[in-house]
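Got your viewer open and a cartoon view ready? Let's take a walk through this one, stop by stop.

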Amino acid sequence: MDPKLHWESVYRTKRPSEVSWYRPHLEISLQLIGDAASSRDACIIDVGAGESTLVDDLLARGYRNLHAMDISPTALEVAKARLGANANKVAWLCGDVRTFAFPLHRYDVCHDRAVFHFLTGAADRADYVRQVTHAVRPGGHVIVATFGPEGPAKCSGLDVVRYDPEALHGEFGSAYRLVAHRVELHRTPSGSTQQFTYCYCRIATEQS
C-alpha cells in the first residue's frame, strides 16, 4: 500500500468534517503547545497536519513560525484555501515524515496527532523517532497523540498500534523526558468515542 495514494484517496473523497479524527479545535494539543512554547517566535511543526484547524488556532494565538506537514497535497490545499491570505504565514511541507529532509534542530516543538499510531512496523517507528530527534533541537518539545489501549484497532482501513502513556513514551527512548501525559475521549462526527493517549516530552540536552 502506497501511503500517499491511500491518504490522497481519503482526502479527495471525504469532507474535513467527515473523517473520524475531526475536531473543530484541538483543545489538548493547543494546551500542550502553549505549555511547550511560551514564545510566539517558537518554531512549531505539525506532522500529519492534514486539514486540521490547529494552524488556524495557533495563528490566532499569535504564533509566527508555523510549519504544517502532510503526505497528502490535497489535504494541505484544503487547509490553505480555508486560511485564505493567512496561508502565506505558514510554511507548507508535503512529504513523508520518515524520509523528509528536515534541517538539523530546526524546530522548538513537534506536534503529531494520529500519525505515529499508523506505524505498525518497528523499523518505521525507529525512522520516525530518528527523524524527529534530528529535526527538533535539544531542549525542544515533542507532543505525540495516538489511539489509547481502548481505542480502535483500525482507522481509515489501516491497522494501528494502540498505546498507553508508558508504552508510547517508551518508543522514543531515554533522551525523551516525559513532561506530562493526557487521555482524551474523542467524539467522532459519527457519534462514536475514540480514546487517545497524548505524551508531551522534552528532548534532553547533553547537560541535562
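A disulfide is a covalent bond between the sulfur atoms of two cysteines. To count as one here, a pair of cysteine sulfur atoms has to sit within 2.5 Å. Keep that in mind, and remember that you're looking at a predicted model. How many disulfides does that rule give? The count comes to 0.

Is cysteine 43 buried or exposed? Cysteine 43 is buried, with a relative accessible area of 2%.

Now jump to cysteine 199. Its sulfur has its closest cysteine sulfur in cysteine 201, but at 5.4 Å that is still too far for a bond. Cysteine 199 also counts as buried, at 2% relative accessibility.

Colour the strands and you'll find 7 of them forming an open sheet in the order 3-2-1-4-5-9-8, with mixed pairing. At the edges are strand 3 (90-94) and strand 8 (176-187), each pairing on one side only. On average, neighbouring strands in this sheet are turned by 15° against each other, direction ignored.

Pick out tyrosine 176 and look across to strand 9, where isoleucine 203 stands opposite.

Last stop: select helix 5 (residues 122-135). Helix 5 lies across strand 4 (107-113), strand 5 (136-147) and strand 8, and runs at about 145° to strand 5.

Key. Residues numbered from 1 in each chain as written. Predicted model: local features only at pLDDT ≥ 70, side-chain atom pairs only at ≥ 80, totals over all residues. Heavy atoms only, no water. Pairing = 2+ DSSP bridges. Helix = DSSP H or I, 4+ residues; strand = E, 2+ residues; numbered from the N terminus. Axes fitted to C-alpha atoms, helices over the stretch in contact; angles between N-to-C directions. Contact = heavy atoms within 4.5 Å. Buried < 20%, exposed > 50% of the residue type's maximum accessible area, 1.4 Å probe, protein only.
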